[in-house]
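Q: Could you take a look at this one with me? I'd like to go through the interface and then the confidence.
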Amino acid sequence: VWAASDEALLAGLATGDREAALAFVRRFQRKVFGVALLILGDPGRAEDVAQEAFTRAWRHAVTFDPRRGSVATWLLTITRNLAIDAVRVQRARPADLVDMLDLTVADLRPEPGDIASRSDEVSRVTAAVAELPEEQRRAVVLASMYGRTAQEVSELEDIPLGTAKTRIRTGLIRLREALGASVAVDER
Amino acid sequence: MTMSCADVRPLAAELALGLVAGPERAEALEHLDACPDCRGHVESLAMVGDELLLLTPSAEPTDGFETRVLAQLAPARPARPPRRVPRWLGIAAAVMVAVSLAGGALALRSGHPTDVAEATMWTASGKDVGDVYLHDGNPSWVFVALPGWADHAAQQPWVMRITLKDGKHLTLPAMTLDRGKGAWGSTLDVDVGDVRSVALLDTDGHVWCSATLTA
């Protein structure tokens, strides 16, 4: 069971197989906790959110659609949404965000032995992010990974709100082009 | 008020990342329901935002996290009836503490501790393998009894990690379990009330079993 694919483990989780559930949690717990911690900045609350994310995955495993992305992105998106909801309830954020952001932006690369590095997905995304202009990269990372609103990006980067919105939007659209998303869109 | 395409497009990126809340979100979603173009635009950006999460640095949750998750996934697991503190525990602990202290100069005043916190040691797969006992005294001590420990665990040294409520860890010296029947202990330099969890780790740092102290 430990060598099973992510999809197989998710299926096992959905059916209540305890070994599959353990393998699933063990495979993803560090990444799930990392996403929650980056957004919340509080290990205790991040762990609560991470725990809830696994529960949601278990309850809603049948809704996973492989055409929309990998198991990892699906699970991490659940985690991000839960973390953002938790932030809305109590807006406590890490004080050393800027330092953390610098570190994150400078260190966007696959982690040895990490779940995501088993595919070229991470390398592809990393390369696309690296091609963004610095100001767009910071805005996109703040919004997508740290869960910051455009208003917060505006305050953190000391730029007008409209500029923050434009950087986030333009950065995401550039990434979509680089990553080959296929939906025809308005490029305004 | 219903939003138009011109209202929604500037919000698309934040909608895709789940950063729009309240009435603004409700109005935007109402528009997306009726507008395939805008819906496709937001969905494609959402897929990009989802992929970016793969780049988030990993972080290590506290000991016993996976056990707590699994317990939550299977809340109907039958509870084990409460166990009394074994009579031998006081004697064993007294011997352990006396031996572990320098020169054996200090022995416990009583061989039968009365202020002992107990918690079950669970493996990550939910198997009950034994108990941890913590005595709050002078000195305080931790004692682990693992009569249900599997044979495969006997071949390597183990480390006991004590996690405190403030998130700090204490790593206690290596221990060896004899063919699945382990008993081990150490004095503690912290208040027992500050202990959140106790975990047994292998040499690679994997948690093989852990107990979370309540109250």
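Q: How much area is buried between chain B and chain A?
A: In this predicted model, about 5,100 Å² is buried between chain B and chain A, with carbon and sulfur atoms giving 63% of that area. On the side of chain B, Leu53(B), Leu54(B) and Leu55(B) supply 14% of what the chain buries against chain A, which is more than any other three residues.

Q: And how many residues are in contact?
A: Contacts link 47 residues of chain B with 62 residues of chain A.

Q: What about salt bridges between the two chains, how many are there?
A: The count between chain B and chain A is 7, and in one salt bridge the side chain of Arg196(B) meets that of Glu47(A) at 3.6 Å, N to O. Polar contacts across the interface come to 18 residue pairs, counting those with both residues at pLDDT 80 or more.

Q: Which elements of chain B give two or more residues to the side that touches chain A?
A: These are α2 (12–16), α4 (36–52) and α5 (65–73) of chain B, and α4(B) provides the largest share, 11 residues. By type, the residues on that side of chain B divide into 26 nonpolar, 11 polar and 10 charged.

Q: Switching to confidence, where is it lowest and highest in chain A?
A: Among the helices of chain A, α5 (residues 97–106) is lowest with a mean of 58, while α9 (residues 161–179) is highest at 94. The mean pLDDT of chain A is 81, and 78% of its residues reach 70 or more.

Q: Which residues of chain A stay under 50?
A: Residues 181–188 of chain A do, and the model has 18 contacts beyond four places in sequence for them. Where pLDDT is low, predicted coordinates should not be read in detail.

Key:
Residues are numbered from 1 along each chain as its sequence is written. Chains are lettered from A and ligands numbered from 1 in the order in which they are written. Side-chain values use heavy atoms; hydrogens and water are left out. Contact means heavy atoms within 4.5 Å. Buried area is the accessible area (1.4 Å probe) that two parts lose on being put together, summed over both. A salt bridge is a side-chain nitrogen of Lys or Arg within 4 Å of a carboxyl oxygen of Asp or Glu. A polar contact is a pair of N or O atoms within 3.5 Å; within protein, one must be able to donate a hydrogen and the other to accept it, and residues adjacent in sequence count only if both atoms are side-chain atoms. Helices (H or I, at least four residues) and strands (E, at least two) are DSSP runs, numbered from the N terminus. Ala, Val, Leu, Ile, Met, Phe, Trp, Tyr, Cys and Pro count as nonpolar, Asp, Glu, Lys and Arg as charged, and the others, Gly among them, as polar. pLDDT is the predictor's confidence in each residue, from 0 to 100.
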